[in-house]
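Colleague: I am new to reading protein models, and I would like to learn one feature at a time. Could you walk me through this one?

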Amino acid sequence: MTNIERLRLETKGITLTPDELSVYLLEEGITDPNTEYDASSNTAKRKIYSAALAILNSVANNPTLMKSYKQDDIAVSDFADSLQNRIDQLERKIRTMTINESDHGSNTFMLFGN
């Protein structure tokens, strides 16, 4: 699976062109979206999640999508709330992931005070 395919999995239901997806990946430091995705790398996961978060924020900036819709007997409401909940969930997930260059180091957190 490539990085762009992994990003598509994370953003199912949002239709973007491969070029648009590539821009989001490039902004996160993935210069070739067609390289193999490394599922064991926390750095790779963070980059994919961060790109997905940027996509969701772009969707949230589109006010025409924030309306409630009703077609026949089906109503779509609370889209903005659901979208914001997913954005918050992704932000929490990114913050709690370990930041480690080697991806295999310790999970020790150190706080040094003045």
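**Reading contacts, burial and helix packing**

Modeller: Contact means heavy atoms within 4.5 Å. This is a predicted model, in which local features need pLDDT of at least 70 and side-chain atom pairs count only at pLDDT 80 or more, while totals for chains, interfaces and linings use all residues. Residues are numbered from 1 along each chain as its sequence is written, and side-chain values use heavy atoms, with hydrogens and water left out.

Colleague: Thanks! Where does Ser50 lie, and does Ser50 count as buried or exposed?

Modeller: A residue is buried under 20% relative accessible area, exposed over 50%, and partly exposed in between, using a 1.4 Å probe and protein chains only. Ser50 lies in helix α3 and counts as buried because its relative accessibility is 17%. Helices here are DSSP runs of H or I with at least four residues, strands are runs of E with at least two, and both are numbered from the N terminus.

Colleague: How many helices and strands does the protein have, and what pattern does the protein follow along the sequence?

Modeller: There are four helices and two strands, and reading along the sequence gives α-α-α-β-β-α. Of the 114 residues in the protein, 29% are buried. Also, among contacts between residues at least 6 apart in sequence, 62% join residues at least 24 apart.

Colleague: What does Tyr24 touch?

Modeller: Tyr24 has its place in helix α2 and is buried, with a relative accessible area of 15%. Not counting residues up to four places away in sequence, Tyr24 touches Leu16, Ala51, Ala54, Ile55 and Ser58. Sequence and space are separate things to read: Tyr24 and Lys47 are 23 residues apart in sequence and 9.7 Å apart in space, C-alpha to C-alpha.

Colleague: Now the helices. At roughly what angle do the axes of α1 and α2 cross?

Modeller: Axes are lines fitted to C-alpha atoms, for helices over the stretch in contact, with angles from 0 to 180 degrees between N-to-C directions. Under 35 degrees counts as roughly parallel, over 145 as roughly antiparallel, 65 to 115 as roughly perpendicular, and the rest as oblique. The axes of α1 and helix α2 (residues 18–27) come within 10 Å and cross at roughly 95 degrees, so α1 and α2 are roughly perpendicular to each other. Here Asn3, Ile4, Leu7 and Arg8 of α1 meet Pro18, Leu21, Ser22 and Leu25 of α2.

Colleague: And how do α1 and α3 cross?

Modeller: The axes of helix α1 (residues 3–10) and helix α3 (residues 42–60) come within 9 Å, crossing at roughly 50 degrees, which means α1 is oblique to α3. A crossing is left-handed if the near helix is turned anticlockwise from the far one by less than a right angle, and right-handed if clockwise. The crossing of α1 and α3 is right-handed.

Colleague: Which hand does the crossing of α3 and α4 have?

Modeller: First the angle: the axes of α3 and helix α4 (residues 79–96) come within 10 Å and cross at roughly 155 degrees, so these two helices are roughly antiparallel to each other. Their crossing is left-handed. Residues making the contact include Ser50 and Leu53 of α3 and Leu90 and Ile94 of α4.
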